[in-house]
Amino acid sequence: MALKDTLLRIFTWWSGSTVSLNVSTKRHGRFVGEDEFGNRYYRAQGPLIDASVGSERRWVIYNGYADASKVPPGWRGWLCHATDVPPSEETYVPREWQKPHEENLTGTVAAYRPRGSQLSYGQRPAATGDYVPWVPGE
């Protein structure tokens, strides 16, 4: 591992798992499953933090860049304690109306820019007759 990679693992959380997370996961975590993106999910018992979720802690170690939009809906529900059974322990077939994952494109050239946005190309569409602009002093 190069010096740069080592320093990134020590000081940053967004470019992969940190050294302290790896140590804590190895000591306390119990592997639950892996999703189609390579994200790995863990659980551990600890002191009671919130009575509504109990004493179980659940976390994900992202495969690569830490992007919460890479967590599929089934795993998101499990992480948030909405379901007790992780998707790895049940048979789930996606509905035909469910779309496949698309990464968060905010801040990239491919980001969604609707008509009228300052970042969009072309002219903003004319306002309809129900809009009256505010003029100072009127």
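1. Start with Gly-64, which sits in the loop between strand S3 (54-61) and H3; helices (H or I, at least four residues) and strands (E, at least two) are DSSP runs, numbered from the N terminus. Gly-64 counts as partly exposed because its relative accessibility is 34%. The cut-offs here: buried means under 20% relative accessible area, exposed over 50%, and partly exposed in between (1.4 Å probe, protein chains only). Gly-16 is 48 residues away from Gly-64 in sequence, yet the two C-alpha atoms are 5.3 Å apart in space.

2. A word on the model before going on. It is a predicted one, where local features need pLDDT of at least 70 and side-chain atom pairs count only at pLDDT 80 or more, while totals for chains, interfaces and linings use all residues. Residues are numbered from 1 along each chain as its sequence is written, and side-chain values use heavy atoms, with hydrogens and water left out.

3. Now the inside. The largest nonpolar core has 7 residues: Val-32, Tyr-41, Val-60, Val-71, Trp-75, Trp-78 and Leu-79. Helix H3 (residues 73-79) gives the most to this core, 3 residues. By core I mean a set of buried Ala, Val, Leu, Ile, Met, Phe, Trp, Tyr and Cys residues joined through side-chain atoms within 4.5 Å. In soluble globular proteins, nonpolar side chains tend to be buried together.

4. Have a look at Trp-75 in that core. Not counting residues up to four places away in sequence, Trp-75 touches Val-32, Gly-33, Glu-34, Asp-35, Tyr-41, Pro-86, Pro-87 and Ser-88; contact means heavy atoms within 4.5 Å.

5. H1 supplies the largest share, 4 residues, and helix H1 (3-11) and helix H2 (19-28) each supply at least two. Val-23 is in helix H2 and is partly exposed, because its relative accessibility is 46%.

6. His-81 lies in the segment after H3. Its phi is near 65°, a positive value in a residue other than glycine. Most residues other than glycine have a negative phi. With a relative accessible area of 23%, His-81 is partly exposed.
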